[in-house]
Every structure is written in structure tokens, then in C-alpha cells.
Amino acid sequence: MSYFTEILAETSDGFRALDVDVRDASDLDSLVEMMQAAGSEDGESVAVIEHEDEWFGLVRVCTDNEIRVFLSDLRAVELSPFAEIFADFLDSQPDAYEAEPEEEFGLEEEAAEDDEDEGEEVEMLEFDADAEWGGDAEIYADRGVRAADLIEQVEKYRSDPARVVAHVGETVGFADQLQAAR
């Protein structure tokens, strides 16, 4: 699965794509600095990061330099190459390797169940319905994307993050530029 990243800056003529690579950022501060340096002084900028069929992140630098971040799936972000950028938004979870030996989480029971289930139909992989979003759901509330609508879109289209980002882009005004950058 591939990643799509783009930074867009708002100008008096609307949003325009910036010639900046999100992957060059080592953390959120460096990403924001890149966005501010490449953007216009009087407008906002947004960084979009999508992992195909899995998650998306939006970083918004407002005109007053307020920084707002929204992540559609914290666990997926934590496992991505962009985890360092969003480290402040991820819950700290214990490493699987740090588990105590007596905490084998029922592996012996699962092995016994697997032996019994060999003749049964194989289940299809399902997306994590309990995936948690993080950050500021009101990231674009002032531009017409209510927090409740954003969360509803994330839950409804969990396996299609591009669709949710397109919805936000249409409402805010950067959908065409984002689509052209794809």
C-alpha cells in the first residue's frame, strides 16, 4: 500500500500545491516550519497524508499560526513511517516485546481452537471497527466541516480515507488542487 502526501497553501486565488515533501519532516514542528516557509503569509496551509485504504492525517496551519491536527486511526499512524511527526497525538502503548512471559494472551487456547476450526470457512479480514481517531475533530469546523460530520465520515468510510479527505476538501475548497496532485 502506498502513501499520498501533499501540502496546499491558501492564496487569494484559492489553494495551490506546494513543492514540499512531507517525508522530509522529522517531527510536527519541522513539518509546520516547512508549511509556513513555503506557504503564503496571509493564508492557511494544510498537509494531507493518506495511507491507501487505511488512514489519513490532516495538519492545518491557520492564519493566526494555530496548529490543528486530525488523525483518522491512531494505531495505524503509530505503525507508519509518519509516527514521529504525530508522536504527541499517539497514546503510548507497551511494546509487544516488553510483555511479561506469563502474559501470553491466550496463545495456547487459540492454538487449540485453530485445530478445531480447520474444516470451517475462512473469515475475511475486516477493518478495525474500534479504531480510534485522534487530534482535533473541529479542525475545519470554522470552514463548514462540523466535528460530528467528520467523525461520522471517518467511521462510515474507514476503508476509504481518500473519500473522507475529498469531502473535507470539497467543503474547505482544496479538493480540485488535491485531486490534480494525485
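The structure holds 10 salt bridges. It is a predicted model. Its largest nonpolar core has 25 residues, and a second, separate core has 23.

**Salt-bridge network**

- Five residues are linked in a network of salt bridges: Glu10, Glu44, Arg60, Asp142 and Arg143.
- Side chains of opposite charge can pair when their charged atoms come close.

**Pair Arg23–Asp21**

- Arg23 and Asp21 join their side chains in a salt bridge, at 3.1 Å from N to O.
- Arg23 is exposed, at 53% relative accessible area.
- Asp21 is partly exposed, at 28% relative accessibility.

**Pair Glu78–Arg75**

- A salt bridge connects Glu78 with Arg75, and their closest N and O atoms lie 3.0 Å apart.
- Both residues sit in helix H2, 3 residues apart, so about one helical turn separates them.
- Glu78 counts as partly exposed, with 23% relative accessibility.
- Arg75 also counts as partly exposed, with 41%.

**Pair Asp149–Arg146**

- The side chains of Asp149 and Arg146 form a salt bridge, at 3.1 Å from N to O.
- Asp149 is partly exposed, with a relative accessible area of 26%.

**Largest nonpolar core**

- In soluble globular proteins, nonpolar side chains tend to be buried together.
- Here the largest such core has 25 residues.
- Leu31, Val59, Ile85 and Phe86 have the most contacts inside this core.

**Phe86 in detail**

- Phe86 is one of the residues with the most contacts inside the largest core.
- Setting aside neighbours within four places in sequence, Phe86 is in contact with Ile49, Trp55, Val59, Val69, Leu71 and Val77.
- One of these partners, Val59, is also listed among the residues with the most contacts in that core.

**Second core**

- A separate core of 23 residues accompanies the largest one.
- Among its members are Phe15, Val46, Val164 and Phe174.

Notes: Residues numbered from 1 in each chain as written. Predicted model: local features only at pLDDT ≥ 70, side-chain atom pairs only at ≥ 80, totals over all residues. Heavy atoms only, no water. Core = buried A, V, L, I, M, F, W, Y, C linked by side-chain atoms within 4.5 Å. Buried < 20%, exposed > 50% of the residue type's maximum accessible area, 1.4 Å probe, protein only. Contact = heavy atoms within 4.5 Å. Salt bridge = Lys/Arg side-chain N within 4 Å of Asp/Glu carboxyl O. Helix = DSSP H or I, 4+ residues; strand = E, 2+ residues; numbered from the N terminus.
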